[in-house]
Amino acid sequence: MASVKPQRVETTSSQVLTDDAVETVRPWNVLVWDDPVTPMKVVEVIFKRIFGYPNAKCTQLMLTVHNEGKAVVWSGQKDIAESYCVKLQVAGLQSTIEQP
Amino acid sequence: MSKNKMFIKRRDGRIEVRLNDAGRNIVYEAFGHVVAAERDPEHDWHRRLNAPIDPSSDDDNPLAMLTRQSQISTNAELAYMTRNEEFINEQEAWAWLTTMQIALRETAASNGILNDEKWNSADIELRSQIQTLQAFLFELAECF
C-alpha cells in the first residue's frame, strides 16, 4: 500500500495588502464663502439652479454659509467639483475647491 | 399687489422689467462695469473676477479659467444688450441676475466691504447704491 505524504507548499510572499496598495480617492469639496452683501434669496436661487437641490436643502446650505462663514455645497471628483466651482463663480458667489 | 414690483414673471415665462429711467441707469452701469472688468486687465474688478479656483494649487486648470471668463463675459454682454428691453426671457433674466450679483459683490469688495463691520460703517451713498442693487436682485430672484 502506497503512502501519500501531504505536500507542504512554501510561500515566500505575503498576501497582506499594504496601505500603498489600497488606493482611496479622497473627494474634493466645493466651498461657498459668505459675503456681507449678497441677498440670501439670491444664494438659494443660485444653489437650486446649479445643483438642482430641493428648496429645503438650498435654504439649509445658504444658512450654513451665512452663520458659519462657509459651507461645503458638493463633494466628489475633482473635475466635476471644478466645474461646479466655475458655475458658482460665474453666478457671482465666492467659491473655491479643496481636498480635505 | 404687483403694482410696485420691478420684475414680474408672466404666464408665458417671460419677465417684465418695470424699472424706471433711474433704475435702468443703475443696471446699465452695473452691466457695463462687468463687461469692462472682464476685458480690461487694469480694471479694479479684474483680479477678483479671476480669483483662484483651487487656492492650494499654484496654477488653476486653464480650461476651467477660460470657461469662467467666457461665461462671465457672455452673461454680461447678454445683460448689457438687453438692458433696455421691456420683457426678457429666462436665459436673459439669468444673465441679468448673475451679472448684477457680480457687480454687487465687486462694488462692495472694491470699497473694502468684506465683513458686516465694514458694511455697517460704510458711507451712506455707497450703502444706498448697494441696497438698490440688492433690492433689484431680490426681486429678480423671486422670478426663478
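1. A helix crossing counts as left-handed if the near helix is turned anticlockwise from the far one by less than a right angle, and as right-handed if clockwise. By that rule, H1(B) and H3(B) make a left-handed crossing.

2. A word on the ground rules: this is a predicted model, where local features need pLDDT of at least 70 and side-chain atom pairs count only at pLDDT 80 or more, while totals for chains, interfaces and linings use all residues. Residues are numbered from 1 along each chain as its sequence is written, chains are lettered from A, and side-chain values leave out hydrogens and water.

3. Back to the helix pair. The axes (lines fitted to C-alpha atoms over the stretch in contact, with angles from 0 to 180 degrees between N-to-C directions) of H1(B), residues 21-39, and H3(B) come within 9 Å and cross at roughly 150°. The two helices are therefore roughly antiparallel, a label for angles over 145 degrees.

4. Who touches whom? With contact meaning heavy atoms within 4.5 Å, the H1(B) side includes B:Tyr28, B:Phe31 and B:Val35, and the H3(B) side includes B:Ile72, B:Ala76 and B:Tyr80. The residues of this contact divide into eight nonpolar, three polar and three charged; here Gly counts as polar.

Key
Helix = DSSP H or I, 4+ residues; strand = E, 2+ residues; numbered from the N terminus. Parallel < 35°, antiparallel > 145°, perpendicular 65-115°, else oblique.
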